[in-house]
Amino acid sequence: MGRELIVLGIAFLLSGLLARLGARFGLPTIPLFVAAGIIVGPNTPGPVLLEHPEDLELLAAFGLIFLLFYLGVEFSVEDLTSGGTKLLWSAALYLSLNMGGGLAMGFAFGWGTREAFIVAGITGISSSAIVTKVLVELHRLANPETRLILGIIVIEDLFLALYLAALAPVLGEADSAAEGALLFLRALLFLLLLAAVARWGAPIVEKVITAKSDELLVVLFVGFALLVAGLAYELGVSDAIGAFMAGLVIAGTTLASRVERLVRPLRDAFAALFFFAFGLSIDPGDIATVLGPAVVAILATLVLASAAAVGAARINHLDRQAAANIAFSVAARGEFALILVTLAAGAGLDERLAPFAAVYVLVLAVISPILALRSSAFVRFIPTRWVPGTAIPEPV
Amino acid sequence: MSADLPTPPEPHRLPGVGQRLDLVDDDGRPVSVIRRKDGTLELHHEGRATFLEPSQARALGALASGHFRMAPGLFQRIDGVLGGIDFDWVTVPEGAWAAGLSIADLALRQRTGTTVVAILRGSIPIVVTDPSQRIEVGDELVFVSQPDGRPALEHYLARGS
């Protein structure tokens with residue numbers, strides 16, 4: 001017991017200190033939490049904090065659950081509808097280019113069909129956390145393209161939930177097509193059931209978990225989130241999607257803004273542990289075997305994200321600077337790639353996925369904010385013919 | 001652009017970040033105001049950005065609203081005065097359970113933690129000093145509550161539980 005507490009304490013402290021150091025250089029936290037795990041993991045020289053990273057599994061799962069639960073709680077249909085069809089087209093373009101590219105690469109790597117679908121998810125979905133942080137820190141919240149970027153991110157989040165359901169056969173180790181179809185159907189039914197609860201059952205859920213004091217509300221909503229995540233896991237749908245749907249149900253109650261505020265510290269603490277635990281599981285020795293595919297995927301993402309950004313700028317009549325800003329902001333990868341690869345590892349898919357995702361995320365999480373900062377240097381590479389929009393004249 | 005001022009601006013959500021309000025200065029140039037979830041206020045104008053801490057932002061809001069008596073020391077105390085309190089109003093909806101009942105009947109303070117301080121009926125403001133005051137459909141109830149008190153009040157007025 002004492003030993004475990006010491007290990008956890010050091011894990012949190014190391015992650016926090018490393019991320020604080022990185023923040024000085026403008027680095028996002030996620031890659032540094034992962035790096036902390038790699039450094040003290042059993043596969044690198046030097047001190048080993050934890051011989052068996054599996055020991056952190058349950059607490060790390062809390063991180064995954066609260067990350068997705070928060071996303072659900074924060075979700076608002078208004079965020080989808082306020083952008084209109086232009087937003088939907090932009091997001092569809094972004095997702096189809098990046099997921100499609102990912103799927104093609106996944107097959108080209110030759111790791112297997114199920115693995116290809118995981119690669120598509122890893123390369124297809126941006127990191128909400130990093131994108132939001134970049135926009136805030138670069139003082140771009142008032143920019144003309146910012147609503148579009150945030151809108152695309154929201155749609156990506158929602159898409160992730162659907163994609164996780166679609167991945168049920170991949171993650172559920174289906175042996176035959178019929179079994180796969182059954183797993184998918186079960187996942188879909190579970191989603192529909194919870195969507196129905198979110199739509200019509202919110203008052204009932206509210207009665208169950210409501211409390212005047214924040215203390216009791218925390219206890220009750222944590223119970224609700226874990227229960228739904230656990231049920232989802234038992235049904236073979238993945239705890240991640242259960243947690244997201246639980247959050248979506250809460251979003252429909254009058255408790256939403258309180259829960260959103262209260263869950264944030266829980267999410268921050270356990271998510272750090274989730275990223276740290278992922279880092280522990282990475283053997284830098286494996287990286288050589290996946291370096292080629294990872295480099296290809298990183299370059300492909302930068303190219304495809306830029307292509308999608310040019311398209312989105314065109315659709316929304318934005319200028320070339322906006323296109324460059326969109327391109328490098330949404331190229332950030334982080335929590336979702338790592339969630340997917342953790343689920344894939346749990347389902348016993350190809351072991352190369354984890355080091356691949358580690359390299360891919362570490363690089364993109366670090367360079368995308370740097371490129372976003374210097375986006376104006378890339379504007380001249382975008383032909384005016386492609387993005388004819390002009391900025392609203394702003395005397396500086 | 002500046003000749004015909006737009007209809008009163010509406011804030012819109014910035015998902016995951018906060019809220020944004022797009023204004024126009026008197027030369028017709030855009031002014032964007034962003035309130036982040038942590039309470040920080042961003043003012044963007046002419047390519048420049050200014051940032052106000054939550055307490056500073058609240059003081060600005062109080063002054064700008066013109067609804068506060070600018071007593072000496074208000075800005076020192078503004079966090080204490082406004083920090084944990086929401087001022088808001090709700091309209092009593094059609095078919096509300098609470099219509100026709102009095103503030104005292106409703107036991108609003110005990111049931112919802114909100115205190116109704118005034119009722120706007122048509123253009124007549126009624127400052128509620130008498131708890132036997134009945135509320136009607138279409139009334140705007142001005143209330144004071146802890147942060148996020150609004151949903152509980154809305155729910156209670158409509159459904160009574």
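Select α7 and α8 of chain A: these helices pack at an angle of about 170°, and their axes lie 10 Å apart. That angle makes α7(A) roughly antiparallel to α8(A). To see the contact itself, display A:Ser128, A:Val131 and A:Leu135 on α7(A), together with A:Thr146, A:Ile149, A:Ile153 and A:Asp157 on α8(A). By class, the residues of this contact divide into four nonpolar, two polar and one charged. The model on screen is predicted.

**Helix α2 of chain A**

Next, select residues 29-40 of chain A, which form helix α2. At 1.5 Å a residue, the 12 residues of α2(A) should span 16 Å, and the 17 Å between the end C-alpha atoms agrees with this. Is this helix enclosed or open? Of its 12 residues, 11 are buried, so α2(A) is largely enclosed by the rest of the structure. The buried residues are A:Thr29, A:Ile30, A:Pro31, A:Leu32, A:Phe33, A:Val34, A:Ala35, A:Ala36, A:Gly37, A:Ile38 and A:Val40.

**The contact between the chains**

Now display both chains. The contact takes 20 residues from chain A and 18 residues from chain B. On the side of chain A that touches chain B, α4 (77-81), α7 (128-137), α8 (146-166) and α14 (256-280) of chain A each supply at least two residues. Coloured by class, that side of chain A has seven nonpolar, seven polar and six charged residues.

**Chain B as a whole**

Chain B has five helices and nine strands. Along the sequence, these follow the pattern β-β-β-β-β-α-α-β-α-α-β-β-β-α. Chain B has 161 residues, of which 19% count as buried. Among contacts in chain B with a separation of 6 or more, 47% come from residues 24 or more positions apart.

**A hairpin in chain B**

Select strand β4 (residues 41-45) and strand β5 (residues 48-52) of chain B, an antiparallel pair joined by five bridges. Within the pair, B:His44 stands opposite B:Ala49 of β5(B). Two residues lie between the strands of this hairpin, and B:Glu46 takes a positive phi near 55°.

**The four-stranded sheet**

Move on to the open sheet of chain B, whose four strands are arranged in the order β6-β9-β7-β8 with antiparallel pairing. Which strands stand at the edges? They are β6 (86-91) and β8 (124-127) of chain B; each has a single partner strand, so one side of each is left without a neighbour in the sheet. From one strand to the next, the twist averages 25°.

Helix α5(B) lies across β6 and β9 (140-145) of chain B and runs at about 25° to β6(B).

Methods:
Residues numbered from 1 in each chain as written. Chains lettered and ligands numbered in written order. Predicted model: local features only at pLDDT ≥ 70, side-chain atom pairs only at ≥ 80, totals over all residues. Contact = placed C-beta atoms within 7 Å. Nonpolar A, V, L, I, M, F, W, Y, C, P; charged D, E, K, R; others polar. Pairing = 2+ DSSP bridges. Axes fitted to C-alpha atoms, helices over the stretch in contact; angles between N-to-C directions. Buried ≥ 20, exposed ≤ 12 C-beta atoms within 10 Å, placed from the backbone. Parallel < 35°, antiparallel > 145°, perpendicular 65-115°, else oblique. Expected span 1.5 Å × (residues − 1).
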